[in-house]
Amino acid sequence: EELLVEEV
Amino acid sequence: MVQSAVRVFDSSAPWKLSGQVSLRDEAFGALAYHHGTRRLVFLKSRELVALVRNLEEFESADEAIDAVVVPAQHQRYVEALSSLFSSEILSGR
């Protein structure tokens with residue numbers, strides 16, 4: 001289960 | 001005495017996509033760009049994108065989540081919305 005949200 | 005202003009995401013409350021955020025659909029899900037903070041956030045599932053777009057139609061985030069994912073995925077999506085709240089992608093209403 002990978003992250004649903006990533007931010008840059 | 002020190003008071004800390006801790007921002008906590010309440011999934012039983014009503015939420016909406018911030019008016020300062022633009023969403024762009026992508027093959028992996030969507031990009032969210034906040035025009036105020038200049039943060040760029042990757043929403044990495046179609047279900048999450050549908051959830052965020054329809055959030056305003058429900059009385060709580062919990063109800064909105066239940067409309068798009070199975071119960072076993074509920075907590076995972078609460079955590080995703082909590083992350084979006086921390087990034088100011090979501091706002092209360």
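**Chain B, strand by strand**

In this predicted model, B:Ala32 sits opposite B:Val41 of S4(B).

Student: How many bridges join S3(B) to S4(B)?
Tutor: Let's start with how these two strands run: they are antiparallel. The number of bridges that join S3(B) to S4(B) is 4.

Student: Which strands stand at the edges of the open sheet of 4 strands?
Tutor: Write out the order, S1(A)-S4(B)-S3(B)-S2(B), with antiparallel pairing. An edge strand here has a single partner, so one side of it has no neighbour in the sheet.

Student: At what angle does H1(B) run to S3(B)?
Tutor: Picture the helix lying across S2, S3 and S4 of chain B. Its angle to S3(B) is about 45°.

Student: Within what arc do the buried residues of H1(B) fall?
Tutor: First find them: in helix H1 (residues 46-54) of chain B they are B:Leu48, B:Val49, B:Leu51 and B:Val52. Look down the helix axis and you'll see that they line one face, because they fall within an arc of 160°.

Student: What pattern does chain B follow along the sequence?
Tutor: Count the pieces: chain B has 3 helices and 5 strands. Now read them in sequence order, and you get β-β-β-β-α-α-α-β.

Student: What is the radius of gyration of chain B?
Tutor: For 93 residues the globule rule gives 12 Å. The value for chain B is close to that, so the chain is as compact as a globular protein of that length, with a radius of gyration of 13 Å.

Conventions:
Residues numbered from 1 in each chain as written. Chains lettered and ligands numbered in written order. Predicted model: local features only at pLDDT ≥ 70, side-chain atom pairs only at ≥ 80, totals over all residues. Rg over C-alpha atoms; globule rule 2.2 N^0.38 Å. Buried ≥ 20, exposed ≤ 12 C-beta atoms within 10 Å, placed from the backbone. Arc of directions from axis to C-beta. Pairing = 2+ DSSP bridges. Contact = placed C-beta atoms within 7 Å. Axes fitted to C-alpha atoms, helices over the stretch in contact; angles between N-to-C directions.
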